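Reader: Please take me through one part of this model in close detail. I would like the disulfides, bond by bond, and then a look at one further residue for contrast.

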Amino acid sequence: PNDVGKVGDHNMWVADLVDNGLNLVVLNSLDRGSDWNDFFRESISDWDNGSPDSVTLQIKRVPNDPECTPVRRTMKVCNGDYGPTDWRGVNQIILANDYIISSVAKMNDYYLEGTNRAQKLYTMCHELGHGLGLGHFDENFYNKDLGNCMDYTERPENNMHPDESNFLVLEELYGSVNQSGISTGKTVAVEEKLENNGNRQLTLVNEEQLFDKYADYLLNYPIEVTDESNEFPDVRNGW
């Protein structure tokens with residue numbers, strides 16, 4: 001199916017961005033005068049230097065865009081006052097043939113402006129993790145914290161960074177940086193599936209058409225939905 005992805009399960013970026021791990025361009029569209037840039041740099045460093053290391057992130061500064069218009073084959077990170085949405089942060093992904101072709105991460109200053117470092121860093125880390133393809137590792141806000149930012153919590157000071165469990169899933173999805181070729185985990189199955197099942201191959205032309213279809217759609221909906229959805233899912237799916 002081709003749709004707007006719902007961040008809850010693990011998702012993979014398109015296979016041709018995967019070579020010795022995931023190679024992804026991340027667009028910094030945050031307000032230049034905001035402290036979000038500090039939290040962005042810290043979280044990017046965390047995700048880019050995991051152990052095991054499975055992602056290589058190329059950061060590009062782009063003009064501030066509070067609407068966070070998606071850009072194909074990138075993750076775009078933005079902040080703005082999005083109003084009383086009931087979400088502090090959200091990540092929206094566009095899927096084509098079940099693979100991510102675009103991600104946008106939004107930090108909602110309506111709730112987060114003036115909050116402490118822990119809350120902002122947790123939110124940034126969490127939404128970047130979704131943009132890399134990770135789902136939630138736990139969705140109970142009140143149980144014992146796992147100590148990683150993909151765990152729901154009301155105590156963000158305990159979950160401000162990724163941990164080894166997050167990096168191991170990324171390795172399963174994408175293999176490892178500095179490998180001689182991709183040789184581990186689900187990536188092998190993905191490559192074989194693309195080679196052996198031609199109707200799942202996604203041409204760049206088709207990808208562009210799908211992206212154009214859903215890019216405008218994302219601007220109008222603050223949470224993850226599909227084109228067949230009649231109801232919105234729990235907004236916490238994007239936290």
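Author: The link of C125 and C149 is left-handed, with -55° about the S-S bond. It joins distant parts of the chain. C125 sits in helix α3, which covers residues 117-132. C149 lies in the loop between α3 and α4 (164-174). The two cysteines are 24 residues apart. This is a predicted model, so the geometry here is computed. In that model the sulfur atoms of C125 and C149 are 2.1 Å apart. The cut-off for a disulfide is 2.5 Å, and therefore the pair counts as one. Both ends are hidden: C125 is buried, and C149 is buried too.

Now the other bond. C68 and C78 form a disulfide, with 2.0 Å between their sulfur atoms. The link of C68 and C78 is right-handed, at 85° about the S-S bond.

Counting bonded cysteines along the chain, the pattern is 1-2, 3-4. C68 is linked to C78, and C125 is linked to C149. One link is right-handed, that of C68 and C78. The link of C125 and C149 is left-handed. A disulfide is a covalent bond between the sulfur atoms of two cysteines.

For contrast, turn to R61. R61 is found in strand β4. R61 has 32% relative accessibility, so it counts as partly exposed: buried would need under 20%, exposed over 50%.

R61 also has partners from elsewhere in the sequence. Leaving aside neighbours within four places in sequence, R61 is in contact with N28, S29, L30, D31, R32 and N37. One of these, N28, makes a polar contact with R61, side chain to side chain, at 3.4 Å. V26 gives a further reference point. R61 and V26 are 35 residues apart in sequence. In space, their C-alpha atoms are 8.6 Å apart.

Methods
Residues numbered from 1 in each chain as written. Predicted model: local features only at pLDDT ≥ 70, side-chain atom pairs only at ≥ 80, totals over all residues. Heavy atoms only, no water. Helix = DSSP H or I, 4+ residues; strand = E, 2+ residues; numbered from the N terminus. Buried < 20%, exposed > 50% of the residue type's maximum accessible area, 1.4 Å probe, protein only. Contact = heavy atoms within 4.5 Å. Polar contact = N/O pair within 3.5 Å; in protein donor to acceptor, adjacent residues only side chain to side chain.
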